[in-house]
Amino acid sequence: TQIEIFAREKDMKIVGYYQANEHLKDASPDLVARRISDRISDVLQSPTCLLMIENGKLRSNSRECALKAYDKSDGKNWKESAGGERLLVGEAAESIDIVRELTLQNEHENLI
C-alpha cells in the first residue's frame, strides 16, 4: 500500500494504529480501531500497538499522558496494556516504548 511504500522510503516502520473517539470521555477502542489494528497485526505478523487518545486530557495545562495503550498479549483481544502507559513494540533487541517516544517527541516540539 501507499503508506508502506512511504514508510520504507523514509526508513520508518508501521508499528500500530492510533485513534481519538468523537466523545470527550470515550477512550475505548471501537470496532473500526480494533479491525484496523487487527489488519496491521496480520500483515506485519509482529507485535503491534493500538493507542487511544483520551480527549479529556488534551488541555494545554495538563501534564497527564493523553494516550491509552492497548496490546494483544493473549493473541485474541485488544486489552489495555498491563504496563499502564508503557507499551513495548518490536523485537526484544530493538523494542521501543511507543508512548514514551511519542511523549518525548511532543515535548521536544513544544520547546521549538
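This report walks through the fold, the sheet and the salt bridges of the structure above.

The model is predicted, so a local feature needs a pLDDT of at least 70 and side-chain atom pairs count only at pLDDT 80 or more, while totals for chains, interfaces and linings use all residues. Residues are numbered from 1 along each chain as its sequence is written, and side-chain values use heavy atoms, with hydrogens and water left out.

**Overall build**

The protein has three helices and six strands, taken as DSSP runs numbered from the N terminus (helices: H or I, at least four residues; strands: E, at least two). Read from the N terminus, the order is α-β-α-β-β-β-β-β-α. Of its 112 residues, 29% count as buried, meaning under 20% relative accessible area; over 50% is exposed and anything in between is partly exposed (1.4 Å probe, protein chains only). Among contacts (heavy atoms within 4.5 Å) with a separation of 6 or more, 43% are between residues 24 or more positions apart.

**The sheet**

Four strands make an open sheet in the order β1-β2-β3-β4, with mixed pairing. Two strands pair if DSSP finds at least two bridges between them. β1 (16-20) and β4 sit at the edges with a single partner strand each, so one side of each has no neighbour in the sheet. Further in, β2 (residues 49-53) and β3 run antiparallel, joined by four bridges, and Leu-51 stands opposite Ala-69 in β3. Helix α2 lies across β1 and β2, at about 170° to β1; the angle is taken between N-to-C directions on a scale from 0 to 180 degrees, with axes fitted to C-alpha atoms, for helices over the stretch in contact.

**Salt bridges**

Side chains of opposite charge can pair when their charged atoms come close. How many salt bridges does a search of the whole structure find? It finds two, counting a side-chain nitrogen of Lys or Arg within 4 Å of a carboxyl oxygen of Asp or Glu.

| Salt bridge | N to O distance |
|---|---|
| Asp-38 and Lys-72 | 2.6 Å |
| Lys-57 and Glu-54 | 3.5 Å |

Asp-38 is partly exposed at 23% relative accessible area, and Lys-72 is partly exposed at 22%. In the other pair, Lys-57 is partly exposed at 23%, whereas Glu-54 is buried at 17%.
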